[in-house]
Amino acid sequence: MPRNIPVGNGEMLVAFDDLYRMRDLYWPRVGMPNHTCGHPQRFGVWVDGEFAWVDDAGWTRDLRYKTETLITEVRLRHEKLGIELLCNDAVDYWSPVHFRKVTVTDLFGRPRDVRLFFHHDLSVQESPVGDTVNYDPTTGGLIHYKDTTYFLINGCDTRRFGIEHWATGQKRIGDAQGTWRDAEDGLLSRHAIAQGSVDSTVGLTVSVAPYGSASCWYWLAAGHDYATVKALNEKVREKTPQRMIDRTEAYWRLWACKEPVDYSPLPERIRDMYLRSQLILRTQIDNGGAIIAANDHDITHFAGDTYSYMWPRDGALVAYALVLAGHSELSRNFFRFCAKVIGKEGYFLHKYHPTGTLASSWHPWMLDGQKVLPIQQDETSLVMWSLRRHFQVFRDVEFVKDVYNSLIIEPAQWTLRYRDHHGLPQPSWDLWEERRGVHLFTVASTIGALKSAAAFAHDMGAFDRAAEFNEGADRMRGAMIRHMWDSESRRFARTATPQSDGTYKLDMTIDASAYSLFAFGALPASDPKVVSHMEQLRDRLWVKTGVGGIARYEQDYYHQVERQNTQDVPGNPWAICTLWYAQWLIERASTEDELREAIPYMDWVLTRALASGVLAEQFDPYTGAAISVSPLTWSHATVMIVVMKYLLRHARITGRPSGCLAELGLSAAV
């Protein structure tokens with residue numbers, strides 16, 4: 001189920017599903033641990049003797065954010081109960097505190113006694129074993145804790161500070177369903193403590209005048225000990241919850257709009273999608289530098305694992321989006337993280353936890369009795385390539401000095417060693433993590449990486465190394481054309497598999513990742529070979545249903561919906577693949593009319609977004625519904641890249657400055 005409206009601050013991430021139930025609570029890292037394990041945290045209303053949880057069918061729901069900020073604006077309306085709720089969620093921009101302001105409005109024209117109930121099904125540190133929850137009379141709240149993880153839950157209204165109703169108890173032990181059942185009569189037991197597999201529910205009372213409105217505030221604070229969460233609670237009391245929400249709203253609006261970019265060449269709806277993508281993307285980035293692929297625990301039901309990891313490839317492309325948007329501190333943190341986790345041999349392994357430790361993998365270290373590297377080489381290449389884009393814009397020489405050897409020289413030297421006799425990379429896993437061989441995406445990104453390393457070496461006065469890296473890139477480009485271009489079909493092979501006689505067996509499946517040919521500088525976007533390939537790609541991978549969009553590749557099996565008519569539906573449409581085609585149209589455009597050809601593809605992505613602006617990984621080819629994880633960080637990064645490239649290309653065509661920070665750096669950065 002999609003995570004419709006995530007809120008976070010790089011330390012704490014809270015995510016809600018489409019029924020407005022909190023489903024994920026990550027702290028102290030974005031991505032780990034998830035203290036809910038995906039279980040719903042219920043939110044309900046008792047009014048005049050009637051009760052409804054927010055997943056009740058009687059509610060209408062509109063889940064959005066306030067404009068240009070990371071504060072939710074959720075409207076819930078229940079005609080039978082005769083009330084409307086306006087909910088504003090935020091994670092304080094500075095402290096690990098999740099707030100919710102609830103404003104209740106009467107629809108019946110009579111005084112209302114309303115009780116709001118907040119349920120917590122926490123498994124502290126991702127396990128319910130050994131948890132404790134107790135009422136704390138000192139703070140007037142509940143505390144869930146285990147070991148070095150504490151959560152304090154509290155609330156207030158305009159009359160009093162502290163919760164009025166509470167219950168603690170056991171969950172999923174014998175017949176125990178949880179304390180949420182205790183709330184359905186409008187009363188809670190006030191049981192003061194429970195241990196083991198526990199849950200809790202708290203309640204706040206709001207008195208509403210006829211056709212009037214009244215508000216209350218709820219919060220959850222995290223810390224490593226009782227003193228810390230108590231101090232956070234006191235901070236909330238002193239500053240007031242509303243002031244902390246207001247300051248967070250102002251902070252994120254400043255953050256998202258800090259660059260004086262001229263968006264006028266694009267429709268306002270695209271500008272809004274860009275700003276929203278920035279903010280959603282930020283929720284998926286840990287303050288320690290790790291850029292997490294996605295945080296949606298429901299994928300565990302399909303794959304037995306999550307996307308809550310740092311893939312160097314995804315991270316490098318997200319970092320590039322951050323560079324174009326002017327967020328140097330985030331891209332810099334990412335590269336520092338990379339410098340800590342890269343192997344001493346000069347390459348990255350599959351993926352990493354946000355703590356920097358090696359994450360789960362399905363890449364073997366041995367195949368057919370032979371030792372192999374369990375890597376995707378494009379991940380190493382794209383970090384080199386992205387770091388060069390960062391430097392071209394920000395020119396932070398002192399920073400680059402610290403990572404020059406670990407992220408440039410050593411990986412580039414390893415890249416030259418890891419080639420076959422033709423000059424192509426040796427086999428590794430592809431970007432989709434499904435097949436092993438010599439992949440077009442890997443080759444193109446590695447050409448871009450070697451060119452980037454050569455530019456760095458030249459800047460640093462290492463002219464011999466610059467020449468060596470440039471020669472390696474040029475030789476690889478020549479080998480790509482000689483061995484991966486098929487003149488009969490007039491397109492490149494997706495994968496070349498080495499044969500015992502020194503030749504390659506070509507896989508001619510059309511794959512959207514061929515955008516890499518121009519994206520990383522292997523060939524110009526206007527090269528006849530690239531043009532021929534991209535035109536065929538658009539024809540063969542466009543989903544020919546009312547939904548449309550571009551699939552990953554022909555007969556894509558991942559979450560496959562259509563298994564029969566794969567000519568019309570080669571796979572599920574993906575946001576990134578559709579935007580890659582738009583990126584090609586932008587790159588080759590020489591007039592404003594040609595440039596505008598990219599807008600319908602951006603609009604397609606906009607129509608697939610949820611009302612909140614959240615984008616999933618892929619979509620149902622018949623209904624357009626989100627499939628797989630949501631939000632996917634890569635999807636939002638690609639929105640940012642394509643929008644900025646459009647504005648920069650427009651500036652180049654018209655001669656009018658765009659205001660984009662990248663324009664002040666070096667034009668090659670686009």
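**Notebook: sheets and helix pairs**

I began with an open sheet of 4 strands, ordered S21-S22-S25-S26 with antiparallel pairing. Strand S21 (428-429) and strand S26 (504-507) are at its edges with a single partner strand each, so one side of each has no neighbour in the sheet. I kept to the rule that two strands pair if DSSP finds at least two bridges between them. Helices (H or I, at least four residues) and strands (E, at least two) are DSSP runs, numbered from the N terminus.

A note on the source: this is a predicted model, where local features need pLDDT of at least 70 and side-chain atom pairs count only at pLDDT 80 or more, while totals for chains, interfaces and linings use all residues. Residues are numbered from 1 along each chain as its sequence is written, and side-chain values use heavy atoms, with hydrogens and water left out.

Trp429 has Arg436 in S22 as its bridge partner.

I then followed strand S5 (residues 43-47), which 4 bridges join to S6 in an antiparallel run. Val47 has its bridge partner in S6, namely Glu50.

**Helix pairs**

How do H6 and H8 cross? The axes of helix H6 (residues 328-341) and helix H8 (residues 397-417) come within 10 Å and cross at roughly 40 degrees. Axes are lines fitted to C-alpha atoms, for helices over the stretch in contact, and angles run from 0 to 180 degrees between N-to-C directions. The two helices are therefore oblique to each other (under 35 degrees is roughly parallel, over 145 roughly antiparallel, 65 to 115 roughly perpendicular, the rest oblique). The crossing is left-handed, meaning the near helix is turned anticlockwise from the far one by less than a right angle.

From H6 I noted Arg332, Phe335, Arg336, Cys338 and Ala339, in contact with Phe399, Val403, Ser406 and Leu407 of H8 (heavy atoms within 4.5 Å).

Last, I checked helix H3 (residues 268-283) against helix H15 (residues 599-608): their axes come within 10 Å and cross at roughly 55 degrees. This crossing is left-handed too. Arg269, Ile270 and Met273 in H3 meet Ile599, Met602, Asp603, Val605 and Leu606 in H15.
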